[in-house]
Amino acid sequence: MAAVCQVTGAVPGFGHNVSHSHRRTKRRFDPNVQKKTYYVASLGRKVTLNVSAKGIKTIDARGIESVVKDLLAKGVKL
């Protein structure tokens, strides 16, 4: 599964691990992406989304109907 949130668009960030001696090695900061299933009454079916923790909070605040409407307007296949 790709580490991309369908709601917020969060993608991995890149940086360095820094050791005690200050040597740097590449690392990747992945968003907390989870697969969640929501029932959407307007579509009459369940929709599975890859959402980050912040995306889940957004869905809780705005409602799944509003979020799905915006995703469909962007052309995201659900």
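Contact here means heavy atoms within 4.5 Å. The exercises below use a predicted model.

**Exercise 1.** Find which residues Ser52 touches, leaving out residues up to four places away in sequence, and decide whether Ser52 is buried or exposed.

Solution.
- Step 1: Locate the residue. Ser52 belongs to strand S4, which covers residues 45-52.
- Step 2: List the contacts. With residues up to four places away in sequence set aside, Ser52 touches Cys5, Thr8, Asn32 and Val33.
- Step 3: Apply the cut-off. Buried means under 20% relative accessible area. Ser52 has 5% relative accessibility, so Ser52 counts as buried.

**Exercise 2.** Decide whether Val68 is buried or exposed, and state which residues Val68 contacts beyond its neighbours within four places in sequence.

Solution.
- Step 1: Val68 is part of helix H2, residues 64-74.
- Step 2: The relative accessibility of Val68 is 2%, and therefore Val68 counts as buried.
- Step 3: Beyond the neighbours within four places in sequence, the contacts of Val68 are Val40, Leu43 and Leu78.
- Step 4: Compare sequence and space for one further residue. Val47 is 21 residues from Val68 in sequence, and their C-alpha atoms are 9.0 Å apart.

**Exercise 3.** Describe how strands S1 and S2 pair, and state which residue in S2 stands opposite His16.

Solution.
- Step 1: S1 spans residues 13-18 and S2 spans residues 24-29; the two pair in the antiparallel sense, over 6 bridges.
- Step 2: Opposite His16 stands Lys26 in S2.
- Step 3: Look at the hairpin. There are 5 residues between the strands, and His22 takes a positive phi near 75°.

**Exercise 4.** Find which residue lies over the face of Phe29.

Solution. Arg27 lies over that face, at 3.8 Å from the ring centre.

Notes:
Residues are numbered from 1 along each chain as its sequence is written. This is a predicted model: local features need pLDDT of at least 70, side-chain atom pairs count only at pLDDT 80 or more; totals for chains, interfaces and linings use all residues. Side-chain values use heavy atoms; hydrogens and water are left out. Two strands pair if DSSP finds at least two bridges between them. Helices (H or I, at least four residues) and strands (E, at least two) are DSSP runs, numbered from the N terminus. Buried means under 20% relative accessible area, exposed over 50%, partly exposed in between (1.4 Å probe, protein chains only). A charge sits over a ring if NZ of Lys or CZ of Arg is within 6 Å of the ring centre and within 35 degrees of the ring normal.
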